[in-house]
Amino acid sequence: MGGRSDKDWLEAAAALAARGRPLSRPNPAVGAIVVRDGRVVGRGFTQAGGRPHAEAMALAQAGELARGAALYVTLEPCAHQSARGPSCSSLVTASGLGRVVIGCEDPDPRTAGNGIAMLRASGIAAELLPSPVAEASLAGYLMRARAGRPHVTLKLATSLDGRIALPDGSSRWITGPEARAHCHAERARSDAILVGGGTLRADAPRLDVRLPGLEPRSPERCVLTNGGAPEGWRAVTDITAPGAFGEAQYLFVEGGAGAAATFLRADMVDRLLLYRAPIVIGEGLPCIGDIGLGTLAEAHGRWRLTDRRLLGSDTLDVYDRAR
C-alpha cells in the first residue's frame, strides 16, 4: 500500500488544530505537521492566547529534521511580523524545509497570498491545496474575516414531535445524560454561548462546562434581550450589529424558541445540532418560533445532513448550511 497523500496529511493537521479551539482566540486554531520520509517529525497547534503559532511549534519539535522535509499546515503561514514574534513565513523560510502544502489561503490582508509568495521567493516549493476539512476547522476564523460575525451553531433538544417543554414550561430533562454530556463538549469548543431573555428568566441556566477537566473552558455567557444582563453576562440586543459578540469566533445558541427563530430569521445559523429524545409530548412549547417563511419552497435546500449518531437512547442529527 502507498503512503499517505497530501490530502490525508492536511486532514491530520486539521484534526490536530481542533486541540487549540477555542483557547487560541483571537487567533485562528491552526494545525501543522512536519513529515520527513513518510514519518511525522514535528507537530503543533496554535497555543492559548494565539502564541506560539502552529508552525513554530511543529518546527521547534522537528529541529534539524525539518531540513528538506514537508510541512502540512491548515492555514497559509502569516507574513507579518508583530511585537509578539516573527512571522511564520520567515520561520519556515529559515527552517530549510523543502516543501509546504497549505490547506487554506489566509483572508487577512496582511498575509493573503503574501505568505505563499515569501516561501516561493526563498526557493521552497509552496503549494495551495484547498482542503474542505482544513476550511471546516477554520470555520469561525473564516466567518469572522469574511462576514464580520462568528460561526453560529444552534442547539435544539426536542421530543420526537419537536417540543422543548410541557405547556407549563417544564423541560428537565428531555434528553438523557449522554446527550447532555455531548452538549457540554460542544460548549467547551465555543467562545460564547447565548440564550434568550425568557430562557434566562425562567431557567436561570449556568451555561458552564461540567465535564471533568474541561471546566475552565466554559464560554462567555450572552443573553439576547432588550434590557440589561446579569453580572458576568453580555447583553446582546441586535445580533447583526458589528461587534455584538466581541471577538468570538464560535457562538453556541442554546435557546429558547425565540432566540432560535431570531438567528434563523437573520440567516445566521451555520450548523444545527438536533438532539431528539424518544418521547412524544403532544401539546407543549415548540422548539422554534416564527422565522418569517412565506412559502414552503423557501424552507427547502437550506441544510445538509453531515452526521447522525446515537447518544444513549437519544439521536443526534448534525446539519450544516447548504452551500
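**Exercise 1. In which helix does Ser137 lie, and is Ser137 buried or exposed?**

Solution. The model is a predicted one, in which local features need pLDDT of at least 70 and side-chain atom pairs count only at pLDDT 80 or more, while totals for chains, interfaces and linings use all residues. Residues are numbered from 1 along each chain as its sequence is written, and side-chain values use heavy atoms, with hydrogens and water left out.

Step 1: Ser137 lies in helix 5, residues 132-137, where helices (H or I, at least four residues) and strands (E, at least two) are DSSP runs numbered from the N terminus.

Step 2: with a relative accessible area of 19%, Ser137 is buried; buried means under 20% relative accessible area, exposed over 50%, and partly exposed in between, with a 1.4 Å probe and protein chains only.

Step 3: leaving aside residues up to four places away in sequence, Ser137 touches Ala14, Ala29, Thr74 and Tyr250, a contact being heavy atoms within 4.5 Å.

**Exercise 2. Describe the largest nonpolar core and the place of Leu97 in it.**

Solution. Step 1: a nonpolar core is a set of buried Ala, Val, Leu, Ile, Met, Phe, Trp, Tyr and Cys residues joined through side-chain atoms within 4.5 Å. The largest one has 25 residues, of which Val34, Leu71, Val73, Val92, Leu97 and Val100 touch the most other members.

Step 1: two or more residues each come from strand 1 (31-36), helix 2 (54-62), strand 3 (70-73), strand 4 (99-102), helix 4 (114-121) and helix 6 (139-147), and the largest share, four residues, comes from helix 2.

Step 2: the contacts of Leu97, not counting residues up to four places away in sequence, include Val34, Leu59, Leu71, Val92 and Ile124.

Step 3: apart from this core lies another, of 23 residues, among them Val152, Cys222, Leu264 and Cys287.

**Exercise 3. Explain why the buried residues of helix 2 line one face of the helix.**

Solution. Step 1: the buried residues of helix 2 are Ala54, Glu55, Ala58, Leu59 and Ala62.

Step 1: seen down the axis of helix 2, these residues fall within an arc of 120 degrees (the arc of the directions from the helix axis to the C-beta atoms), so they line one face.

Step 2: their cover includes strand 1, strand 2 (39-45), strand 3 and helix 3 (88-95).

**Exercise 4. Work out how helix 3 is set against helix 2 and against helix 4.**

Solution. Step 1: the axes of helix 2 and helix 3 come within 9 Å and cross at roughly 20 degrees; axes are lines fitted to C-alpha atoms, for helices over the stretch in contact, and angles run from 0 to 180 degrees between N-to-C directions.

Step 1: helix 2 is therefore roughly parallel to helix 3, since angles under 35 degrees count as roughly parallel, over 145 as roughly antiparallel, 65 to 115 as roughly perpendicular and the rest as oblique.

Step 2: Glu55, Ala56 and Leu59 of helix 2 make the contact with Cys88, Leu91, Val92 and Ser95 of helix 3.

Step 3: the axes of helix 3 and helix 4 come within 9 Å and cross at roughly 20 degrees, so these helices are roughly parallel to each other.
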